[in-house]
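Here are a few exercises to work through with the model open beside you. Try each task before you read its solution.

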Amino acid sequence: GNFIKELSKDFKNILVINDGSNKAHDKFFKSLEEKGIIVLKHYINYGKGRGIKSAFNYILNNYPKIKGCITCDSDGQHSVNDIKKCAEEMLKNPDKLILGVRNFDLENVPSKSKFGNKITRNIFKIFIGLDISDTQTGLRGFSKKIMIEFSDTLGERYEYETNMLIECKSKNIKIKEVEIDTIYLNRNVNSHFNPLKDSIMIYKLFMKYFLVAISSFLIDVILFSLIFDTLSINSKILAATILARF
């Protein structure tokens with residue numbers, strides 16, 4: 001409530017996702033609507049990824065002239081000043097995905113967050129070729145163009161945000177990092193991130209990426225060998241390479 005109150009001082013268009021919260025929270029969401037805040041409700045808990053895509057869909061349908069949006073978590077980890085910084089960078093860089101990145105070397109960072117981010121960061125660097133300071137950040141800036149790019153990205157829960165980063169490589173979308181405050185309230189006990197369940201979902205993505213890469217390599221080599229052995233023309237190497245890659 002206090003976070004929304006502070007946020008509304010600088011932002012007039014605020015959208016809140018009620019991702020299947022129980023009826024005990026209905027009064028809270030109703031009070032937001034009475035203050036002019038838009039609340040989208042999921043009947044059941046679909047996950048963060050589905051929540052973000054629901055928000056994108058609503059915004060793109062109802063605000064055709066919008067320049068972009070900023071996503072932020074509801075657990076108090078993101079300050080209004082940092083949200084404003086990301087919004088300013090989004091307006092300056094409409095062709096880039098804006099990431100509000102934290103410093104994981106600080107003492108107040110919970111071990112599960114520090115450990116998880118460093119592992120994921122190294123995997124991104126090795127397998128995807130992207131050097132990202134904070135792979136788990138929920139504070140992100142999307143221009144209208146970038147929202148459209150990620151509207152059909154796969155993933156219903158936390159893996160959706162990871163899929164976004166992977167698709168930055170395939171869609172040739174640049175990433176702009178904005179340094180933000182590293183805030184963890186009560187050692188991040190309010191976070192809905194499940195270290196085991198959600199980490200498995202995220203790392204399955206990298207395993208699929210790895211298996212696809214290895215499979216493509218093996219198919220390429222096998223087809224090259226078969227085609228090379230069957231051709232009886234000059235420039236067999238060139239022809240076999242082209243046909244195998246095709």
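**Exercise 1: the nonpolar cores**

The largest nonpolar core has 21 residues, and Phe 56, Leu 97, Phe 124, Phe 142, Phe 150 and Met 164 are the ones that touch the most other members. Keep in mind that we're working with a predicted model.

Task: work out which helix gives the most to this core.

Solution. Start with the suppliers: helix 3 (48-62), strand 4, helix 5 (111-128), helix 6 and helix 7 each put in at least two residues. Next, pick out the top contributor, which is helix 7 with five residues.

Now zoom in on Leu 97. Setting aside neighbours within four places in sequence, its contacts include Phe 142, Ile 146, Phe 150, Leu 165, Cys 168 and Ile 175.

**Exercise 2: helix 7 up close**

Task: compare the reach of helix 7 with the expected value, then decide whether the helix is mostly covered or mostly open.

Solution. Helix 7 (residues 159-170) runs 17 Å from its first C-alpha to its last, close to the 16 Å expected for its 12 residues at 1.5 Å a residue. As for cover, 10 of the 12 residues are buried, so "mostly covered" is the answer, with buried meaning under 20% relative accessible area. After the helix comes Asn 172, with a positive phi near 55 degrees.

**Exercise 3: an arginine and a threonine**

Task: is Arg 140 buried or exposed, and which backbone oxygens does its side chain reach?

Solution. First place Arg 140: it lies in strand 5 (residues 140-143). Its relative accessibility is 1%, so Arg 140 counts as buried. Next, check the side chain's polar partners. A polar atom of the Arg 140 side chain lies 2.9 Å from the backbone oxygen of Thr 137, and the side chain also reaches the backbone oxygen of Glu 161 at 3.1 Å.

Now widen the view. Beyond residues up to four places away in sequence, Arg 140 touches Cys 69, Ile 70, Thr 71, Ile 98, Leu 99, Thr 135, Glu 161, Met 164 and Leu 165. Take Ile 98 from that list: it's 42 residues away along the chain, yet the two C-alpha atoms are separated by 5.3 Å.

Task: Is it buried or exposed?

Solution. Thr 153 sits in the loop between helix 6 (144-150) and helix 7. Because its relative accessibility is 1%, Thr 153 counts as buried. Neighbours within four places in sequence aside, its contacts are Lys 53, Tyr 160, Asn 163, Met 164, Glu 167 and Lys 171.

Notes. Residues numbered from 1 in each chain as written. Predicted model: local features only at pLDDT ≥ 70, side-chain atom pairs only at ≥ 80, totals over all residues. Heavy atoms only, no water. Helix = DSSP H or I, 4+ residues; strand = E, 2+ residues; numbered from the N terminus. Expected span 1.5 Å × (residues − 1). Buried < 20%, exposed > 50% of the residue type's maximum accessible area, 1.4 Å probe, protein only. Contact = heavy atoms within 4.5 Å. Polar contact = N/O pair within 3.5 Å; in protein donor to acceptor, adjacent residues only side chain to side chain. Core = buried A, V, L, I, M, F, W, Y, C linked by side-chain atoms within 4.5 Å.
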